[in-house]
Amino acid sequence: MPVPNIAALRAAAFLLALLPASLSAHIMSMSSGQLEVEGSHVSYELRMPLYEIVHLEEPERSLLENFRLYDDGREVMASSGSCKANADEGVYRCEATFEFPQPVERLEVACTYAAVTVPNHVHVLKAVRGDIVKQAIFDFSFSRSEIRFTPPTTTELFFSQAGAGVVRVIVGPFQILFLLALVLAGRSRKELFSLAGAFIVAELIAAIILAFKPWQPPPRFIEAAAALTVAYLAVEILVLPEAGYRWLVAAGMGVFHGIYFGSFLQRSEMDPLYVLSGVVTAEALVLLLFAYLVSRLISGAPELHPTKIGAVLLFIVGIVWFVLRIRS
């Protein structure tokens with residue numbers, strides 16, 4: 001039996017490491033917050049979905065302890081803070097106030113909500129001082145940010161918001177799972193291009209529509225349906241290797257992906273053109289990377305049947321993901 005080459009085994013290990021992470025993640029794991037700055041007085045309001053905190057024994061303490069403000073490296077303790085659940089809105093709302101020693105020109109913010117909710121949780125923070133509005137995005141990879149209350153240039157806006165789109169792609173387990181599924185489903189370079197095109201077009205349409213509509217789809221339904229599209233695509237790869245119209249399944253995954261980015265645009269109020277240009281760029285690069293790794297596996301270790309084994313793993317992840325989200 002031929003021995004797989006080292007490069008192929010490394011590619012396999014990298015791809016396999018990506019799959020389990022999606023099971024602990026939520027597609028719609030996102031909260032929003034607003035800081036109001038008036039002189040030396042800063043007030044903070046957090047809106048956290050209730051389904052994100054069901055596992056927390058003391059949600060008020062956990063959330064308020066994971067949001068901190070600093071002045072020149074020195075922590076400014078909250079002078080007051082309280083939280084209350086609003087079942088009608090499905091939101092856990094917290095409020096806190098901070099008193100700085102002098103009028104605030106810049107803020108250092110540390111936010112680690114991803115440590116107490118789920119690993120891919122995103123917190124979108126808006127900071128307002130007079131006519132100046134700044135935004136910061138926090139997740140497990142970016143938990144600290146400095147906010148300066150100076151008007152941004154167009155170039156700064158573009159790179160910061162396009163960068164936010166890039167980061168949302170590369171740090172999200174379910175985003176990576178969708179892109180890996182597309183690569184495994186592509187039976188040729190031409191088909192991969194068509195699958196990627198259908199996915200991205202559907203994603204952009206869904207994101208733009210949702211960004212301008214005051215509507216939030218039920219997270220449990222979105223996640224369960226997204227899991228089933230992954231499982232179904234895996235079944236096609238295994239059982240229907242000659243089936244056509246895979247681009248329709250790819251478009252379906254694109255819709256669910258787009259709903260996430262539409263929700264992100266709603267809460268962040270960023271420019272859709274800037275954010276989505278970063279999203280598409282990052283997805284194209286990730287698809288190219290996965291296509292390269294899968295091709296190395298197929299050519300370097302064909303005896304491992306990487307496409308079939310990958311499809312089996314995708315099916316398992318999709319089904320387990322579906323069951324977990326239905327029961328959550």
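**Before selecting**

This is a predicted model, in which local features need pLDDT of at least 70 and side-chain atom pairs count only at pLDDT 80 or more, while totals for chains, interfaces and linings use all residues. Residues are numbered from 1 along each chain as its sequence is written, and side-chain values use heavy atoms, with hydrogens and water left out. Helices (H or I, at least four residues) and strands (E, at least two) are DSSP runs, numbered from the N terminus.

**Stop 1: the six-stranded sheet**

Select the open sheet whose six strands follow the order S5-S6-S2-S1-S8-S9, with mixed pairing. Two strands count as paired if DSSP finds at least two bridges between them. At the edges are strand S5 (78-86) and strand S9 (132-138), each of which pairs on one side only. On average, neighbouring strands of this sheet are turned by 15 degrees against each other, direction ignored. Such angles run from 0 to 180 degrees between N-to-C directions, and axes are lines fitted to C-alpha atoms, for helices over the stretch in contact.

Next, display strand S1 (residues 30-38) with strand S8 (residues 122-129): the two run parallel and are joined by seven bridges. Within S8, Val124 is the residue opposite Ser32. Contact here means heavy atoms within 4.5 Å.

Turn to the other neighbour of S1. S1 and S2 are antiparallel, with seven bridges between them, and Glu36 stands opposite Ser43 in S2. The two strands form a hairpin with two residues between them, and Gly39 in the turn has a positive phi of about 65 degrees. From S2, continue to strand S6 (residues 91-99), which is antiparallel to S2 and joined to it by nine bridges. Here Leu46 has Cys94 in S6 as its bridge partner.

**Stop 2: a salt bridge from S2**

Show the side chains of Arg47 and Glu89. They form a salt bridge, with the closest N and O atoms 3.1 Å apart. Arg47 lies in strand S2 and Glu89 in the loop between S5 and S6, so the pair ties together parts that are 42 residues apart in sequence. The model contains 16 salt bridges, each defined as a side-chain nitrogen of Lys or Arg within 4 Å of a carboxyl oxygen of Asp or Glu.

**Stop 3**

Three bridges connect S4 with strand S3 (residues 67-71), and the two run antiparallel. Asp71 stands opposite Arg74 in S4.

**Stop 4: helices H4 and H8**

Finally, select helix H4 (residues 173-185) and helix H8 (residues 272-300), whose axes come within 9 Å and cross at roughly 50 degrees. Their contact includes Ile176, Leu180 and Val183 of H4, and Glu283, Leu287 and Phe290 of H8.
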